[in-house]
Structures are given as C-alpha cells and as structure tokens.
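Subject: Structure handover

Hello,

Here is the structure I said I would pass on. My notes on it follow below the files.

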Amino acid sequence: MSNTEQQLHYSTCTLCEAMCGIEVATKGRQILSIKGDKDNPFSQGHICPKASALKDLYDDPDRLKRPVKRVGDNWQEITWEDAFDLVANKLHGIQQEHGEDGVGVYLGNPNAHNMGAILFGPYFYRSLKTHNRYSATSVDQLPHHIISRRLFGHMSQIPIPDIDHTQHFMIIGGNPLASNGSIMTVPNVKKRLKGIQKRGGKVVVIDPKRSETADLSCEHHFIRPSSDVLLLLAMLHVLFEKQLYNVEALLPYAEDIMEVEHYVRNFSPEKVSEKTGIQASQIIQLVTDFCEAESAVCYGRMGASVQAFGTLTQYLIMLFNILTGNIDKRGGMMFTQPAADTLPVAGKGSLGTFTSRVRGLPAFAGEYPVACLAEEILTPGEGQIKAMVIGAGNPVVTTPNAEQLDKAFAQLDFMVAVDFYITETSRHADVILPPVTALERDHYDIVFHNFAVRNFAKYSEAVVDTDADQLADWQIYLSLAERIDKLNGRSTAHYAALWSKQPKGVVDDLLQTGLYGDKRGAFQDGVNDRDTEKEGSTAHGLTLEKLKANPHGIDLGPLQPSLPFALFHENKKINLDFDYFMADIDRVNAHFFDKQSHAQPLVLIGRRHIKTNNSWLHNSPRMVKGNNRCTMQLHPDDGVKYGIENGDEVKVKSRVGELTIEAEITDAIMPGVVSIPHGWGHNKKGIKLSVASQHPGVNTNILTDHMQVDELSGNAVLNGVPVELEKVS
C-alpha cells in the first residue's frame, strides 16, 4: 500500500495497566488518529483520554531520537556506537575503582509496560552484578509482592478481583476510575462497577477522599490515613465474634487460618472507631453486608499500600478474603491464567537475603527500597554509589524527600539515562540513550495479562516505521550488556542467539509452552480445562503467528478456580506466615494506643487524575489544558481553622521540606487531611519539557520523608505524612 494511503492498525495503549485496544490511523509515518478498537474483546472499544497522548509522545518536538552526551551545560548528539562504548567504559571503570556496588540502577514503571525492556533489560542489570538496585516497586506495590511470595509462593502470583462476577466490591484506598485499575487490569472499570450495581450488587469505597470511584459507589466511608490496619483488624474481629467466617472450601489449603482469631481478639470495632473515624456500628455493618453477599471481594490499592502499615494492611485484606471464602471463587479474588506465563520460569522473590549499607533496610527480589537511595549516594565508604543507571524513571519527582535525591544525583561521577526526554532526573545524566515510543515497537503485555480481570491475549505489531538509527529499549540494553560482559572478560557467545531471537521470539516460546499452547508444561497440565480449549477453538495451539493473525486479540474466557495448581509452594498450601506478619501488631499498638493521647496532626495524602500518568504526560498540551489540577485540597473546617480560603497560596511544611501551593476548599476530603497530587513539579533548571514547564505544579515528594518506611517491607510512606499549614500573606 502506498505511503499516501490511509492505513488502520490495531494496537494496545501502554500508558497504564488497562491494556485498552486502540485503532490507529496512519498515512505513511504520520499518525492521523487514535480511537478505541471496538472489536477488541477485552476493552470493547473503550479508551480513556490518555490514549491520544500516544500520538503526542510520538510527535513531541522535545523528544530525543538519538543519543546525546553532556558537553558543559549543553547536549551534543553522538552515534549509538560511541554512546554504548562511552557508557560501558565509564561504568566498568567506576566498578573497577569502587567495586561492583559503586554503580546503582533505578527502574521506573514504564519498564513493566514494555515487552523488550521486561524481557531483555535483565541481561544488562545482571551484567553489572551490583546489589544497588532500586525501582518504582517500593513507592507503589511492594507489599503485594511480599505477601504473594509468602502466602502463595511467588511474588507475582497476586489474586485479582473477579469484578465481572462479584456481587459486593469493597475498595480500600483505591480509585480505579482514575487509575484504570492498578494490579487489576480492567478496561472500562466504570461500566464494570455499574454492572455490579445493575445486577443488584454493591460497591463500597473506604478512603480519606471522596474520589471519582466513591462518587459512583453505593456507599463511601471516610477513614483516617494509616488507620486502615485498625479497620481490617476490627473487621476480622467481627468475623469471629459473629461467626461469619466461611472457611470450608479453603481449609485444605490454609489449615491454620482459624488461628487468626487469636491475633484480632483485642481489636473490637469500639476500640478502633475513634482512631479510624468510622463508627463501630458501621464497621459491623460493613462485615455483615460483605458476608451476606453471594460473592464478594475486598481490594486494597495505593492508599492502603504506601503508608506506615501498608504490608500488614494488605495481608489482613487477603486474610479477610480467605476467611470469608472469597479466594479462588467466582466473584471473589481469583488467580489468572495468562497465555504467556512467565511465573514458572521467573524468580519467585527473595526477602532480606541482604540489607542496605547505611540503614540496613531489607532487599526484596534483588532490590533495595528506594527510600534509601539518596543516603547510599551521599554516605562515603565502601559500597558508596558513584554512578547511576536510570531506566525509564524519574525518581527526582516520584520518590520520597525528592530534594535530597536531587542533590545526591548532582554529586555522582557518572549517570546514564534510558529515556527520550530530558526530565528532572535525566538532566543529571552524562549520556541519554533514547528508545523509540510505544507505537514504534511491537508489544505484548508480559506483566499485565497476569493481572487481567479476564483471560485474554493480544500481540501488537509496531504501528509506524522508524529510522535506521532509532533503537528500541531491548536493543539498547542488550548492546550495553554485551559490552559490559566483554570488558569483564566474560563469555559473550550467548548474545548472538538473543539478537536473533528478539523479544518476540521469547513471547512465542512462552505462548507455545503456556496454558493454551501445544507444548504446555507439567504445571499447566494440572490446571482445570478451560472453556476456550475445546478442539477448534482459536485459543487452542496458541502461537505468535496466531495472535498476529487476530490483531484485535483473542478472548480466553473468564478467570477460573485454580487451587492448588496456582500455589508455588512445594506442599501446595497457602503459607499464612503469622510469625512474620502478625509480629507487626506490636508496632500497631505502640503507634495507636501506647502513646499519650494528643491531638492528631494534619496529614498529607496523594491523589491522581485520569489524564496523569506518574510524572509524565504533562508535556502533552491536551493532558494539561483546563483548570489547575495541582492544588492542595482541604476540608472547609480546616480552611476556617487555618484562615485559608479557596485559591489562597499556602505554605505546606513537613519534617524534610516545604512548598507553596494553591488551596482548593472541598468537602470531598475529610477534616484533618490534605491532598496534593503526585507527579508534578516541572520547574527544575535544565529540563527540556516545554509544555510541562508552563504547567509546573509542585512536587509533593518534597514533603514525603525518606526516613518513614513501612518496617515490614521498606515501602515508602507517601500517605499519612504529618504536615503544617501557613497561609502566605
């Protein structure tokens, strides 16, 4: 077809977890439009406003397409070969002088949305052999991974709400209408939540803020930030006191589940009511309604995770689902059956095999909590980080005590960033290696098919061609890995096969050996037969070629019960691990009940918007137009208390920093709480984001404290941060 004729391509939006199918119209290398793919069986034509930003990223004049190196205060384009040699030699030299841990690595969320980065990036990180690895996981979902590793045997075996079949959906600290899910891959979540109500079910939201999801719900309860753990302990208490538990089906897999009663005996609804802000009668009713439903699921997300007791809170949520009989049950929490399943061949996750040099925080799955990254750069001594590799991340905006990390990066001997923007973080780099954008590379969701609310598979081929000197992430990482190994005198013979196979070859192997392939392994043989596996079904004998021949994707049916085969422990049991998790109740008691009573401080929480994706998309004019979204929300009572009116400029102070922001008075937030959105603060000297610089907002992580972590996991505490307010005269 001529380049002057319009073509339609069926791809996937990669900007969040929802995996919405998109129809992209092109003429040559020009993107004309992006619409929802009505024939995609998973998303059925739904897209959110972010999908159009894929075109904006592709067209953005600020985007880098070729490597640049720093020359004084300027940037100079260099060839890929020169860039790879420069980076490999600098990293090797620093490790020769300072040891392997002299190089640190930070990986941002976009890696999880990138087939090449997720499959081939590890060859590069492993070639560095450094313990100093960090990622966005520890400002996001680390509690989920630790719980799944200990309970189910694998850090990524996280059960997902069966939203399409549940009759009662309780959401704690989540706003899926803004996030499109989050560890729940769910396109058109609004329609699905309304579907629960249409079939006579109920949606309940528990959140310090009346979010978009809360507005849609049947019932919303304000809760004091960080007190979710008390609510869950009281809910479990009610289960036993009123004998509402239902453990018959799960008892063979969780034989000691009834021992939970011992740990929750002292947490009556009356005891926790004042601390949580929820009346005792309401707590009892929450549990009663949940247990009376034909099927129910309790789902906790960011607000429940990024707080002082995030891991224990998420663990108690899992116990609540187990004790009510809603794990591995239609309409409850269910395990997925992805077509290209990496779990049987991926690392299960290790906790605490080594600890950070300065503070002794535990590593999980080979990564330290990012809350300790700055101190590992700033503190002299053996193992001090002298160089950083930043892979598709912007920790200067997205991690706690951001100003401290900004200063730490400024003193590094060397930094390389894999990024196509000069951001608040990559402005510190000596070399920037820009990959192509999402529409310029093939895509299969390695991670998010594993979290999908319905089994589904789709392979998206690149929508537009690239220049010969533009590279995808996997080509960048593999080029660096090969050079690092060569400099260290290691064998590089295996790289020829990797270059030949490419990520798409790995996906094909996973499909053919997976649950729906003809070469499926013993693990898959034990799982119940699927409705989709009937002879002649499109899903039967799944291969990459078959997916390419079905560009809208292939529906693989609803989630299926899969115990005990979904368990990765050798004994095929759920390991409840009370000694590890319940030991944290001592810290709960000390925090909430052992202190002398005093007035509760004003505390900070975050929030997100449907048009915002972490720290980027703010360089897209259509994503930032309209009213200022970077405001500090506070309740009218607090406005009166502090003499603050709508639109006033307010100075907000925490232990580690302060900022000035516009006030937004609203009764959508509970008294005693303020909310500032995450991902803004585009006012650093040296960034090259022309649109974002005109809408800078403020960085809420100037206020979050790197010394406040969830002690069980090391996850950063971004919610419940004590702050003080002062109206700016």
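**Salt bridges**

Asp 584 and Arg 587 form a salt bridge, with 2.8 Å between the closest N and O atoms. Please keep in mind that this is a predicted model. Asp 584 counts as buried because its relative accessible area is 6%, under the 20% cut-off. Arg 587 is buried as well, at 17% relative accessibility.

The structure holds 34 salt bridges. One of them is between the side chains of Asp 289 and Lys 202, at 3.0 Å from N to O. This pair links distant parts of the chain: Asp 289 sits in helix α11 (residues 280–292) and Lys 202 in strand β10 (residues 202–206), 87 residues apart. Asp 289 is buried, with a relative accessible area of 17%, whereas Lys 202 has 22% relative accessibility and is therefore partly exposed.

Arg 210 and Asp 215 form another salt bridge, in which the closest N and O atoms are 3.4 Å apart. Here Arg 210 is partly exposed at 29% relative accessibility, and Asp 215 is exposed, with a relative accessible area of 54%.

**The open sheet and its helices**

An open sheet is built from 7 strands in the order β5-β4-β18-β17-β16-β6-β7, with mixed pairing. The edges are taken by β5 (74–77) and β7 (133–135); each has a single partner strand, so one side of each is left without a neighbour in the sheet. On average, neighbouring strands of this sheet are turned by 20° against each other, direction ignored.

Within the sheet, β16 (residues 387–391) and β17 (residues 414–418) pair in the parallel sense over 5 bridges. Val 389 has Val 416 in β17 as its bridge partner. Helix α2 (residues 80–98) packs on the sheet and touches β4 (68–71), β6 (103–107), β16, β17 and β18 (431–433). The direction of α2 makes about 125° with that of β18. Helix α3 (residues 115–128) lies across β6, β7 and β16, and runs at about 155° to β6.

**A hairpin**

Strands β14 (residues 351–355) and β15 (residues 362–364) run antiparallel and are joined by 2 bridges. Leu 351 stands opposite Phe 364 in β15. The hairpin has 6 residues between its strands, and Gly 360 in this hairpin takes a positive phi near 75°.

In soluble globular proteins, nonpolar side chains tend to be buried together. In this model the largest nonpolar core has 92 residues, of which Leu 193, Val 260, Tyr 315 and Leu 316 touch the most other members. Helix α8 (residues 228–241) gives this core its largest share, 11 residues. A second, separate core of 53 residues includes Val 87, Tyr 444, Leu 544 and Leu 556.

What is Leu 316 in contact with, leaving aside its neighbours within four places in sequence? The contacts are Val 229, Leu 232, Leu 233, Leu 236 and Met 582.

Helix α13 (residues 310–323) is mostly covered, with 14 of its 14 residues buried. The length of α13 can be checked: at 1.5 Å a residue its 14 residues should span 20 Å, and the end C-alpha atoms are 20 Å apart, so the two agree. The expected span takes 1.5 Å times one less than the number of residues. Just after α13, Gly 325 takes a positive phi of about 75°.

**A buried serine in a loop**

Ser 156 lies in the loop between α4 (142–152) and β8 (160–161). Is Ser 156 buried or exposed? Ser 156 counts as buried because its relative accessibility is 18%, against a cut-off of 20%. Not counting residues up to four places away in sequence, Ser 156 touches His 145, Leu 343, Asn 450 and Phe 451.

Regards

Notes: Residues are numbered from 1 along each chain as its sequence is written. This is a predicted model: local features need pLDDT of at least 70, side-chain atom pairs count only at pLDDT 80 or more; totals for chains, interfaces and linings use all residues. Side-chain values use heavy atoms; hydrogens and water are left out. A nonpolar core is a set of buried Ala, Val, Leu, Ile, Met, Phe, Trp, Tyr and Cys residues joined through side-chain atoms within 4.5 Å. Buried means under 20% relative accessible area, exposed over 50%, partly exposed in between (1.4 Å probe, protein chains only). Helices (H or I, at least four residues) and strands (E, at least two) are DSSP runs, numbered from the N terminus. Contact means heavy atoms within 4.5 Å. Two strands pair if DSSP finds at least two bridges between them. Axes are lines fitted to C-alpha atoms, for helices over the stretch in contact, and angles run from 0 to 180 degrees between N-to-C directions. A salt bridge is a side-chain nitrogen of Lys or Arg within 4 Å of a carboxyl oxygen of Asp or Glu.
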